[in-house]
Every structure is written in C-alpha cells, then in structure tokens.
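Student: I have a new model open and I'd like to learn how to read it. Can we go through it together?

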Amino acid sequence: MNIDGQAWRTIGLEPDGRSVWVIDQTQLPHRFGTRSLSSCEQAAAAISTMVVRGAPLIGVTGAYGLMLALQNDASDAALAAAFDQLNATRPTAVNLRWALERVRDRVLALPPAKRAVAAREEAGLIANEDVAMCSAIGDHGLEIIQRLAAARPEVRKNKPFQVLTHCNAGWLATVDWGTALAPIYKARRAGLDLHVWVDETRPRNQGASLTAYELGREGVPHTVIVDNAGGHLMQNGEVDAVIVGTDRTTRRGDVCNKIGTYLKALAAYDNAVPFYVALPASTIDWSLDDGVAEIPIEARSPQEVTAIQGRLLDGPAAGTLAQVQLTPNGSDGFNPAFDVTPARLVTALITDRGVADASEEGLKSLYGCG
Ligand code: MRU
C-alpha cells in the first residue's frame, strides 16, 4: 500500500539477498523508517519487541528468521534451535508456527548446503501468498460491504458506510493489503463512501498509531475513538458493520484477537450490528476447538499498561518520542494481549476463499478438512 505516493510492503529482502528489511512499527506514526535484520536473533527480537507485529507478518518474519539462521549454520541442531527460538517469541498468533513449520518441512530433507537457499525461496513464497490471500479477502469483504450499504434504510443511505475496527489488521499487520482493512481499501477504490471508527486499542495503541496512520496514507476517512466508545456508537446507529482480524481461529470458528475484541462483539450482538472477522488460511488452527479453553493468551509486560508512548507536544524536547508513566508508583498492571470471541458472536468469517459461517461446517466448506 501507499506511503506518500510510494508503494510499500512491510518486509523484503535487502539487495544483498542475505538480510531482510522491515518497517519499524515501534516508531509509527511519528517516524517512518526501516530496519535491517541479519541474524535469527535479530528477527526474534524484532517479533518480540513488536518492531513487526500482526499475525501474518509475524509468520513471514519467522520464515525469514529461519533463513537467516540457516545462512549461519545449516545443521539439524541449528535448525531446531532457531525454530524454537522464533516460535517462542509470541505464543498466540498461529501463523508463526505455521510459517516456521512450512520452512522447516521444506528444508529438512535437503543437504545442509542447500537449505538456506530453499528457506529463502519458501519465505518468499509465503510472503507472496500472504499478499494474494489478503487481496482475495478484500474482494470477498467488498461484496459484503456493497450488499450491506445497499440494504441500509433510505435515511442512512446518504451517510458514509460506517465500519468499526479494533487494533491494526491492516497492511502493516500483513505483507500488503491487510485482513480486516483489505475490504475497506477495496471499497474505497471502488468509490464507496465510507468512514472508519478506529479503536485506539490500549495498551499499545495499534489503532491510534498504526490503523490511523495507514488509513490516512490511503486517504480513507477515519476517526480515532477510545476503546470504550464503540458500544455507545452502536446503540446510536453509528456503526453499520464491525470488521476485525484474528490471530488464531479454531476449527469451530472461535476467534482470538487483540484484547477488547470480545467486548466489541458483545456490543455488536446486543445492537444487531454485523460482526465480521477477516482471516487468511494461515490463521486457522485445525488442531483446536474451544478457543477460550485452548488458545494460549500472550501475557505482555505490565509496563505497557502503566506507561504509554507518544510524541512530546511541548517543552524543550518537543517532537521527541517518550514513555510517560500513567499510574502511581507501586500500582501493578496486568496485560493479557488477546481475548477470544466465541463463534456464536461472529456473523461470518471473511477468508481468502470466500465467506463462511463461523463453524466447523463453514470452514470445511471452504478448506475441506484441516
Ligand atoms: O499484538 P499485535 O499488534 O501483533 O496484534 C495484532 C492483532 O491483534 C491483529 O488484529 C491480528 O494479528 C490480525 S492481523 C491481520
């Protein structure tokens, strides 16, 4: 997608073909820049410190991380150690394990001298497939938006179509296009008049910093709201649809996404607002059924709750990025990063293969058996 008129992906190979560049998301929206990763350790650190984040992009970074490891040491032992190191960085998004397994399975039968090149090819394939899947999600989601927009009562038809989204499930969370935001970009390009309510998404504010940033660069009208505003907007007819992403989807259609998603689903259900979840095939965990009981929820640092990052508005250091303490000294924070929305609250899943009921039958109708 575009930044200042230039098309970008979030990740790619450096010209030397041996190291990897990524957009540094810890500096957005205030500074745009890239970082170079030249070792597995650097790739693992980029994932755990959220230089890169978002389930699909975590997976692609992990795949390139294995390539970086194999360039240094292509033995079986080094491959296993790199797999474990990368897989441990973030436990909830299943795309990471999926991508690591794909690269490992591709290289394992090869002699060590051929493994790094094969890993590079496989990581590149995973990245390109992610772009294609997200673009397809956009096409399928566009049809839903067009149908819902046309079905609105006459009094609402002269207003923009209003979508609410939570966290960042846009192109910055993937390689390009995004999941939840792909239908919005496609709708915008199709000339539909739409507006996005962007949940700020505490504690790390991926909505306020990343979703707002990328929607703005693409010229999509949007407004940032505090996380608690969504229910009020839905009660007052200001939301036509909710579209969010997912980090792991069980075979029965439970979805695990950024903390706070579940509360939006409850509010949407209470107000008969359709609640859609957008996902590529790589986010489905066919081995799990009950999301609440079975999906591991990442616990992140309490400091993400007790402090906040922003750009200083005034004073001698105005313009610099800083961490600001919010809570009294001595108050603890607790920081579960994701929650699970049960399938019964999901209107439908928007996938790369089409739209499905959030159920085992629905997913199998598109993907066959897992
Ligand atoms: O903690 P993050 O920023 O990696 O969380 C990202 C999300 O929750 C996204 O909604 C999810 O990965 C789906 S992305 C396409």
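Predicted model: local features only at pLDDT ≥ 70, side-chain atom pairs only at ≥ 80, totals over all residues.

Student: Which three residues supply 20% of the area that domain 1 buries against domain 2?

Tutor: H30, R53 and T92, and that is more than any other three residues give.

Student: Where are the domain bounds, and how many residues does each domain bring to the contact?

Tutor: Domain 1 covers 2-128 and domain 2 covers 139-367; such bounds come from an automatic or database domain assignment. Counting contact as heavy atoms within 4.5 Å, domain 1 puts in 35 residues and domain 2 puts in 38. Taken over C-alpha atoms, the domain centres are 25 Å apart.

Student: How do I read charge pairs, and how many salt bridges are there between domain 1 and domain 2?

Tutor: Side chains of opposite charge can pair when their charged atoms come close. For a salt bridge, look for a side-chain nitrogen of Lys or Arg within 4 Å of a carboxyl oxygen of Asp or Glu. Three of them link domain 1 and domain 2, and the structure holds 27 salt bridges. D4 lies in the loop between β1 and β2 (6-7) and R217 in helix α8 (residues 206-217), so this pair ties together parts 213 residues apart in sequence. The D4 and R217 side chains meet at 4.0 Å, N to O.

**Reading a sheet**

Student: What is the strand order in the open sheet of four strands?

Tutor: Strands are DSSP runs (E, at least two residues), helices are H or I runs of at least four, and both are numbered from the N terminus. Two strands pair if DSSP finds at least two bridges between them. Here the order is β13-β10-β11-β16, with mixed pairing. β13 (284-285) and β16 (338-341) are the edge strands, each pairing on one side only.

Student: Which strands run parallel, and which antiparallel?

Tutor: β10 (residues 248-250) runs parallel to β13, joined by two bridges, whereas β10 and β11 (residues 255-258) are antiparallel, also with two bridges. T249 is a handy landmark: it stands opposite I284 in β13 and opposite V255 in β11. V255 in turn stands opposite T341 in β16, and β11 pairs with β16 in the antiparallel sense over four bridges.

Student: What does the β10 and β11 hairpin look like at its turn?

Tutor: Four residues lie between the strands, and G253 in the turn has a positive phi of about 95°.

**Reading the backbone**

Student: What should I look for in phi and in peptide bonds?

Tutor: Most residues other than glycine have a negative phi, and most peptide bonds are trans. C167 isn't a glycine, yet its phi is positive, about 65°; C167 lies in the loop between β6 (161-165) and α7 (182-189).

Student: Where is the bond from L28 to P29, and is it cis or trans?

Tutor: Cis, with omega near 10°, and P29 lies in the loop between β4 (20-23) and β5 (34-37). A cis bond also joins R202 and P203, with omega about 10°; P203 is in the loop between β7 (194-199) and α8.

How values were computed: Residues numbered from 1 in each chain as written. Heavy atoms only, no water. Buried area = accessible area lost by both parts, 1.4 Å probe.
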